[in-house]
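Here are some friendly notes to read alongside the model. Keep the sequence and the 3D view open together, and take the points in order.

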Amino acid sequence: MSHTQPGLPTHYTRTAILLHWLMALMIIAMFGLGLYMTGLKLSPQKLQLYSWHKWAGVSVFVLAAFRLVWRLTHTPPPHPAGMPRWQQIAANGTHHLLYLLMIAIPLSGWLMSSAKGFQTVWFGVLPLPDLLAKDKALGDLLQGVHQALNLGLATLVLAHIAAAIKHHLVERDGVLARMLPFLQDKR
Amino acid sequence: MRTCPLSIPALALLAAMSAGLSLPAHAAEYSVLDTAQSSISFTSKQMGVGVDGRFRKFNAALNFDPAKPGSGSARIDIDLSSIDAGSPDANDEVVGKPWFDIRNFPTASFASTGVKALGGDRYEARGKISIKGKSQEVVLPFTVKPSGDSAVFDGSFVIKRLDFAVGDGIWSDVSTVANEVLIKFRFTATTSRPAVKK
Ligand code: HEM
Ligand code: HEM
């Protein structure tokens with residue numbers, strides 16, 4: 001990747017873009033799957049979906065950890081010149097919280113599973129340790145935590161999407177385009 | 001059943017002499033179950049992951065004298081409504097028709113037909129397991145660890161749930177819930193006679 005300016009990059013790295021969209025799709029799918037599977041009556045299909053949810057969720061965690069390292073070692077492009085201060089703070093805060101939730105939600109899911117007495121075995125192959133012993137009350141509490149964090153995530157993602165669309169349609173400042181390169185080419 | 005108080009030490013002595021070995025100091029017939037120190041638990045596999053469960057209520061009529069294992073016997077009855085299959089969801093499910101169908105088959109049982117010594121503290125009990133109206137001959141290995149007036153009987157074995165039609169219909173797909181179920185038991189029993197403290 002060529003960063004023409006010595007100080008600040010003008011765009012996201014290809015890796016950052018790939019991770020952003022891959023994880024956005026995964027997280028939205030996970031959200032839908034989580035809501036759907038919990039509503040099912042107990043059946044083999046439900047047990048399968050729970051396992052897939054846990055496997056994919058652990059995958060999100062691994063990607064998020066890698067993405068965090070990538071982010072810390074690759075400076076993102078600066079906010080567009082003239083973007084109001086409050087918007088910059090809101091954007092930075094939202095991005096930080098999104099990173100936090102991409103880590104915290106899988107962690108809460110893993111701990112919840114342990115407390116409920118269902119170990120997580122990634123893709124049925126790699127057993128994750130149970131940090132918590134089986135404890136129904138704690139399991140129910142962590143289920144509430146997982147739910148609440150997901151609600152927070154959904155809210156932030158909606159605001160995040162609204163902001164991206166507003167940048168594209170109202171400010172027309174290329175913020176969406178730098179995360180969605182195919183928009184760039186059309187300019 | 002009453003035994004002459006002298007017969008048990010006498011038999012133990014006889015057995016010790018004939019075996020030429022030292023026997024547990026308290027060779028005696030263990031036959032009174034200590035329910036608080038006994039358990040029947042199981043591990044099933046869901047999507048390849050072990051899930052633990054247990055039966056809270058059961059009765060075990062044991063008669064076992066390490067000096068004459070051959071005449072030992074056991075009859076175990078499990079109250080299936082006392083099952084804890086690992087989660088509230090599972091508990092609601094497993095009492096139903098596709099699983100244990102406890103309305104029609106409220107208990108599962110094991111009745112021994114013979115006990116054999118395998119050397120050391122190891123033994124095996126032959127007998128019949130009955131679940132959901134189906135029976136099967138099984139051999140259950142176990143160990144006996146006497147201490148004082150009580151002894152701990154420990155064992156585990158694997159049964160195939162589908163042999164007993166447990167988990168019928170949609171659940172008969174063993175890639176989700178495995179066919180094999182590991183059953184573990186631990187019984188603590190004391191001697192029937194008033195304890196002779198040393
Ligand atoms: C980014 C990752 C994840 C997302 C977006 C996500 C999302 C969700 C959602 C929306 C629900 C439904 C909440 C409800 O209404 O009860 C849910 C439930 C659940 N999640 Fe996750 N999850 C993620 C990761 C994980 C992980 C890594 C695990 C475990 C290793 C996990 C385990 C569970 C379990 C067991 C439930 C069901 C709780 C219940 O029985 O009600 N999740 N998840
Ligand atoms: C679950 C869904 C999503 C998550 C978790 C998420 C997360 C993030 C994060 C953490 C960043 C900050 C990148 C950084 O500076 O390191 C970001 C940037 C961005 N996201 Fe998302 N995103 C999601 C969905 C979306 C969607 C659906 C859109 C488009 C409508 C979108 C558009 C953008 C844009 C345009 C940026 C760049 C912002 C900038 O350059 O300042 N995101 N996203």
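1. Chain A has six helices and two strands in its secondary structure. Helices here are DSSP runs of H or I with at least four residues, strands are runs of E with at least two, and both are numbered from the N terminus. Along the sequence, the pattern of chain A reads α-α-α-β-β-α-α-α. Its C-alpha atoms fill a box of roughly 55 × 30 × 30 Å along the principal axes. Of the 187 residues in chain A, 37% are buried; buried means under 20% relative accessible area, exposed over 50%, and partly exposed in between, using a 1.4 Å probe and protein chains only.

2. A word on the ground rules: this is a predicted model, in which local features need pLDDT of at least 70 and side-chain atom pairs count only at pLDDT 80 or more, while totals for chains, interfaces and linings use all residues. Residues are numbered from 1 along each chain as its sequence is written, chains are lettered from A and ligands numbered from 1 in the order in which they are written, and side-chain values use heavy atoms, with hydrogens and water left out.

3. Which residues coordinate the iron atom of ligand 1? They are A:H53 and A:H146, each through NE2, at 2.0 to 2.1 Å. A:H53 sits in helix 2 (residues 44–73) of chain A and A:H146 in helix 4 (residues 136–171) of chain A, so the pair ties together parts 93 residues apart in sequence. Both A:H53 and A:H146 are buried. Donors are N, O and S atoms within 2.8 Å of the metal (3.2 Å for Na, K and Ca), and sites may look incomplete because water is not among the atoms. The six donor atoms around this iron atom of ligand 1 subtend angles of 88 to 180°, which makes the arrangement octahedral. Six donors count as octahedral if opposite donors are over 155 degrees apart and all others between 65 and 115.

4. Now turn to ligand 2. Its iron atom is coordinated by A:H20 (NE2) and A:H160 (NE2), at 1.9 to 2.0 Å. This pair links distant parts of the chain, with A:H20 in helix 1 of chain A and A:H160 in helix 4 of chain A, 140 residues apart. The arrangement around the iron atom of ligand 2 is octahedral because the six donor atoms subtend angles of 85 to 180°.

5. On a 1 Å grid over the protein atoms alone, a pocket is an open set of points with protein on both sides within 12 Å along at least five of seven lines, a cavity is a set where a 1.4 Å probe fits but cannot get out, and lining residues have an atom within 4 Å of a point. Grid points are joined across faces, edges and corners, and a volume is the space filled by probe spheres set on the points. Helix 4 of chain A gives the most to the lining of the second largest pocket, with 14 residues.

6. For a cavity, look to chain B. A search of the whole structure finds one cavity of 30 Å³ or more. The largest cavity has a volume of about 150 Å³. It is lined by 14 residues, with B:L62, B:A74, B:A125, B:F142 and B:F153 nearest its centre. Strand 5 of chain B gives the most to this lining of the largest cavity, with three residues.

7. Back in chain A, A:F66 and A:W70 are four residues apart in helix 2, so about one helical turn separates them. A:F66 is partly exposed at 43% relative accessibility, and A:W70 is partly exposed at 21%.

8. Finally, B:A178 lies in the loop between strand 10 (150–160) and strand 11 of chain B. B:A178 counts as buried, at 14% relative accessibility. B:A178 and B:G50 are 128 residues apart in sequence, and their C-alpha atoms are 9.6 Å apart in space.

Methods
Tetrahedral: all angles 85-135°; square planar, octahedral: opposite > 155°, others 65-115°.
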